[in-house]
Amino acid sequence: MENSLESQAKWYVLHTYSGYESMVKSSLEQLIENNNLQNSIFDLKIPMEQTIEEKNGKRKVVERKLLPCYVFIKMIYSNQVWYLVTNTRGVTGFVGPQGRPLPLKEDEVRKMQLETVVIDADFAAGDTVSIDAGPLAGFVGKIKKCSDSAQKATVSVVMFGRNTDVEVDYAQLRKLSAELPESEPAPSEES
């Protein structure tokens, strides 16, 4: 029965005060627990992106909010849920006409990567992969370790002249053939 309820749920966008996104998310998680709203509110997301930041001459990959001041909520709309959510500290209201929620369309949900798509990937440590999406698109590297449960892989890529380990979603990876390009000689096993 829970799956049929979740299939009725739609994604909505909440507007929050600046810097309150994480607090709103944890407050809503507490609200769900305290009011037994597991059958009305199914998921909460703050879309993040990985960016490369330079500080004191050192570059590193950091996580940033993709859309500051917004929290995405998957729920079955009702007046009671609307009242409880909009009266949560830090929430200024739903995005929609007159503060009434307007559900996201399917292509918007896909574009924002709100739904976690489980990929049955055959990635393994040592595989050569290409990163095809996200801020690291275009990089090629070798997988150091995989986490099928998290749907992520740690990939070693050459960034700024040295090897850097980055965590990448399976959905962003494409396995390259094991053969080396003809321009590079195959490494000898004798050394």
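**Briefing: salt bridges, strand pairing and burial**

The structure holds 10 salt bridges. The model is a predicted one. Disulfides, by contrast, number 0 in this structure.

- Arg 64 and Glu 53 form a salt bridge in which the closest N and O atoms are 2.5 Å apart.
- Because Arg 64 belongs to strand 4 (residues 58–65) and Glu 53 to strand 3 (residues 48–55), this pair ties together parts that are 11 residues apart in sequence.
- Arg 64 has a relative accessible area of 41% and is therefore partly exposed.
- Glu 53 is also classed as partly exposed, at 23% relative accessibility.

**Salt-bridge network around Lys 175**

- A network of salt bridges links Asp 122, Asp 127 and Lys 175.
- Within this group, Asp 127 forms a salt bridge with Lys 175, and the closest N and O atoms are 3.4 Å apart.
- Asp 127 is located in the loop between helix 4 (106–111) and strand 7 (128–131), whereas Lys 175 lies in strand 11 (residues 173–175), so the contact ties together parts that are 48 residues apart in sequence.
- Asp 127 counts as buried, with 15% relative accessibility, which is below the 20% cut-off for that class.
- Lys 175 is partly exposed, its relative accessible area being 38%.

**Salt bridge between Lys 45 and Asp 43**

- Lys 45 pairs with Asp 43 in a salt bridge whose closest N and O atoms are 3.3 Å apart.
- Lys 45 counts as partly exposed because its relative accessibility is 21%, and the buried class requires a value under 20%.
- Asp 43 is likewise partly exposed, with 25% relative accessibility.

**Strand 5 and its partners**

- Of the 6 residues of strand 5 (residues 70–75), 5 are buried, so this strand is largely enclosed by the rest of the structure.
- Strand 1 (residues 10–16) runs antiparallel to strand 5 and is joined to it by 6 bridges.
- Ile 73 in strand 5 is the bridge partner of Leu 44.

**Cysteines**

- Cys 69 is buried, with a relative accessible area of 18%.
- Cys 146 counts as partly exposed, at 31% relative accessibility.

- Gln 151 is placed in the loop between strand 8 (140–147) and strand 9 (152–159).
- Gln 151 has a relative accessible area of 15% and is therefore buried.
- The C-alpha atoms of Gln 151 and Tyr 170 are separated by 5.5 Å, although the two residues are 19 residues apart along the chain.

Technical notes. Residues are numbered from 1 along each chain as its sequence is written. This is a predicted model: local features need pLDDT of at least 70, side-chain atom pairs count only at pLDDT 80 or more; totals for chains, interfaces and linings use all residues. Side-chain values use heavy atoms; hydrogens and water are left out. Helices (H or I, at least four residues) and strands (E, at least two) are DSSP runs, numbered from the N terminus. Buried means under 20% relative accessible area, exposed over 50%, partly exposed in between (1.4 Å probe, protein chains only). Two strands pair if DSSP finds at least two bridges between them. A disulfide is a pair of cysteine sulfur atoms within 2.5 Å. A salt bridge is a side-chain nitrogen of Lys or Arg within 4 Å of a carboxyl oxygen of Asp or Glu.
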